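Welcome, and thank you for joining this short tour. Please open your viewer, and we will go from stop to stop, selecting a few things at each.

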Amino acid sequence: MSGSNSSAHGGPPSPEPLNFSVHALPDPRDSARVRVGRLKMLFILALCAAPVVASYLAFYVFKPRGSAYGELILPTVDLPSTLPLRDLAGRRVGTDALRQQWLLVVVQGAECPTVCERVLYVQRQLREMLGKERDRLDKVWLIPTEADTDAPLALRPELQAAVSQPGIEVSVLRAPAAALQAWLQPAPGHELADHLYVVDPMGRWMLREPIEDDPVKIKRVLGDLQRLLKASASWDTPGR
């Protein structure tokens, strides 16, 4: 019959209809949103870092080198994480104890004769003269020893009372002399005990000051401390 399907006579089968699956294409707006999000994140990170960077630029770069009475240490020297610190009782103290605060460090022997007592007095006076900013700076007395030992180390009773007096406490720690000299270094022709050492809240030694008895020169050292605290005021917080 003329109306019959051609497949009945052995002809080729009728072609099947094609199916097309249409997948969603990436929305260009999504890529734009990702780029904007990344830019925002980078902007926030830069905004957080800006105060720290600006304060160091203000002190190290834009201010003339001669404005510091002491000697700026460039590049700064990081606090060694392996520095073997102990307290007077012989207990191990981690180096994190010397971070998160500006430090005014003296290096003096445990016997601490009259000259040493004067150094501790100057250290105390400098902090007190900072006024309302003094809580941002801690006093540290590092005692050099011949070896790392857990044996207790006693100070003279009157000296122990002086450094423990409420309101003027000094953090007294000890470490082998060789380890201290690998971090803090005196000026040529001087010894570790001849200077005050300023360490920033990241644990970086960055300023070496002469120890002065002259009130006029002490004010110059104070001026360096005031400039440092002012330059870091936007990111540093008091109290450790």
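How many disulfides does the structure hold? The structure holds one. Keep in mind along the way that this is a predicted model.

**Stop 1: the disulfide**

Select Cys 112 and Cys 116 and show their side chains: these two residues form the disulfide, with sulfur atoms 1.9 Å apart. A disulfide is a covalent bond between the sulfur atoms of two cysteines. Turn the view to look along the S-S bond of Cys 112 and Cys 116: the torsion about that bond is about -90°, so the disulfide is left-handed. Are its two cysteines buried or exposed? Cys 112 counts as buried, at 0% relative accessibility, and Cys 116 is buried too, with a relative accessible area of 1%.

**Stop 2: helix α2**

Now select residues 114-128, which make up helix α2.

Which residues of α2 are buried? Colour Cys 116, Val 119, Leu 120, Val 122, Gln 123, Leu 126 and Arg 127. These residues cover an arc of only 155° around the axis, which puts them on the same side of α2. To see what the buried residues of α2 pack against, show β4 (102-107), β5 (137-145), α3 (157-163), β7 (195-199) and α5 (215-231).

**Stop 3: the nonpolar cores**

Next, select Leu 120, Leu 126, Trp 141, Leu 155 and Val 198. Of the 32 residues in the largest nonpolar core, these touch the most other members. Elements that give two or more residues to this core include α2, β5 and β8 (204-210). Which element gives the most? That is α5, with six residues. Another core, of 21 residues, lies apart from this one; to find it, select Ile 73, Leu 85, Leu 142 and Trp 205, which are among its residues.

**Stop 4: Arg 91**

Finally, where does Arg 91 lie? Look in the loop between β2 (85-86) and β3 (92-93). Arg 91 counts as exposed, at 55% relative accessibility. Leaving aside neighbours within four places in sequence, Arg 91 is in contact with Leu 85 and Arg 86.

Note on methods:
Residues numbered from 1 in each chain as written. Predicted model: local features only at pLDDT ≥ 70, side-chain atom pairs only at ≥ 80, totals over all residues. Heavy atoms only, no water. Helix = DSSP H or I, 4+ residues; strand = E, 2+ residues; numbered from the N terminus. Expected span 1.5 Å × (residues − 1). Buried < 20%, exposed > 50% of the residue type's maximum accessible area, 1.4 Å probe, protein only. Arc of directions from axis to C-beta. Contact = heavy atoms within 4.5 Å. Disulfide = S-S within 2.5 Å. Core = buried A, V, L, I, M, F, W, Y, C linked by side-chain atoms within 4.5 Å.
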